[in-house]
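The sequence and structure are shown first.

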Amino acid sequence: MYGVIDIGSNTVRFLIYNYEKGRIDKILSKKYVVGLMNFVGSDRKLNEEGIRELLDVMNECVLFRKLIRLDDIFVFATAALRGVDNSDEIIARVRDETGFAIDLLSGAKEAEYAFDGAISEHGGSDGVVIDIGGGSTEIVCFRNGKRISVDSVPAGTLTIYNRLISGVLPQPAEIINISQYVERKIGMIHAPVDMTGCDAYWVGGTGRAVRKIIQEIRNTSGACASHSLGEDVYDAFCVSDFLDFYTRNPNECAKVLVKYVPDRLHTIIPGVLLFSRVARHFGLKNVLTSTGGVREGYLIDKVNNKDN
């Protein structure tokens with residue numbers, strides 16, 4: 001068994017996997033809502049309070065290491081540390097206090113791991129892997145099961161929330177501002193071939209939460225029912241239906257969000273806006289919600305290359 005610690009912009013995750021003969025099974029998942037991005041100042045540095053929050057979590061992970069016999073524990077960070085100017089100091093302090101060595105992933109490497117993790121779960125010939133995180137969005141186009149383009153956009157759900165939303169949920173004028181912001185970020189991406197009609201592989205917790213919320217809205221109000229919604233695959237326009245439902249019925253939608261995804265209340269609409277723009281940009285048809293992603297792709301790479 002192997003442990004993986006994922007240091008993200010909004011959460012830190014400690015996971016335990018059984019990985020044998022190419023098969024990955026998740027045994028345990030512990031989530032810490034830290035919100036590291038909220039501790040980044042105008043000097044682009046994670047402040048002392050944020051560093052201590054991270055160290056507290058990492059020290060708790062040390063206890064897991066003592067209690068559970070694992071073959072190894074691998075630790076990586078994404079935009080949470082990639083986007084700050086004191087990442088070297090933070091990595092050194094974590095290593096000195098806990099013994100954990102952090103792999104700081106580039107945006108491109110994060111995207112590659114998201115692809116590897118999604119494909120290990122679903123397979124697939126042609127499509128676009130979309131991994132929407134708190135601090136960045138990774139996009140991988142692939143044909144015949146092979147990557148043909150890799151992009152990392154420095155815009156995520158938490159960056160949008162902190163920059164463009166004044167309350168908890170965005171107001172109509174803020175949705176316009178977010179849409180324009182996302183348009184500027186996503187509009188610069190150009191796939192080497194036409195991806196129209198391909199499937200979207202939506203990686204990450206936002207994608208899974210959106211699928212759940214669309215189903216609940218259908219069950220409770222009958223809305224969001226104009227396009228097919230399968231258990232594993234659904235029409236990409238369902239996401240647009242969800243956004244339309246929110247803009248028309250914000251209070252009713254908010255009640256559903258509070259009930260089913262309270263920990264994502266402030267970030268789910270930014271995630272929907274990001275995904276909708278990417279899907280429209282590439283002309284994607286269906287959505288596959290992937291449980292495999294960066295963590296699984298990272299684990300595959302670390303274990304397979306452990307002795308190299």
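A pocket, as the term is used here, is an open set of grid points with protein on both sides within 12 Å along at least five of seven lines, whereas a cavity is a set of points where a 1.4 Å probe fits but cannot get out. The model is predicted. In the second largest pocket of this model there is about 330 Å³ of space, while the largest pocket holds about 440 Å³. The volume of the largest cavity is about 570 Å³.

**The largest cavity**

- One cavity of 30 Å³ or more is found when the whole structure is searched.
- The lining of the largest cavity consists of 35 residues, and those nearest the centre are D6, T11, I132, G133 and R295.
- Two or more lining residues come from each of the strands β2 (11–20), β3 (23–33) and β6 (127–132), and likewise from each of the helices α7 (205–221) and α11 (294–304).
- The lining of this cavity comprises 18 polar, eleven charged and six nonpolar residues.

- The buried positions of α11 are V294, R295, E296, G297, Y298, L299, I300 and V303.

**The largest pocket**

- The largest pocket, with about 440 Å³ of space, is lined by 18 residues, and M37, G83, G135, P154 and T159 are the closest to its centre.
- The elements that each supply two or more residues to this lining are the helices α2 (79–82), α5 (157–164) and α6 (172–186), together with the strand β8 (146–153).
- Eight nonpolar, six polar and four charged residues make up the lining of the largest pocket.

**The second largest pocket**

- The second largest pocket, with about 330 Å³ of space, has 17 lining residues, and S240, S276, R277, A279 and R280 are the closest to its centre.
- The helices α6, α8 (237–248) and α10 (268–282) each give two or more residues to this lining.
- Helix α10 provides the largest share of the lining, with six residues.
- By class, the lining of the second largest pocket has nine nonpolar, four polar and four charged residues.
- Helix α6 contributes two or more residues to the lining of the largest pocket and also to that of the second largest pocket.

Terms used
Residues numbered from 1 in each chain as written. Predicted model: local features only at pLDDT ≥ 70, side-chain atom pairs only at ≥ 80, totals over all residues. Heavy atoms only, no water. 1 Å grid on protein atoms, 1.4 Å probe; cavity = no way out; pocket = protein on both sides within 12 Å on 5 of 7 lines; lining within 4 Å. Points joined across faces, edges and corners; volume = space filled by probe spheres on them. Helix = DSSP H or I, 4+ residues; strand = E, 2+ residues; numbered from the N terminus. Nonpolar A, V, L, I, M, F, W, Y, C, P; charged D, E, K, R; others polar. Buried < 20%, exposed > 50% of the residue type's maximum accessible area, 1.4 Å probe, protein only.
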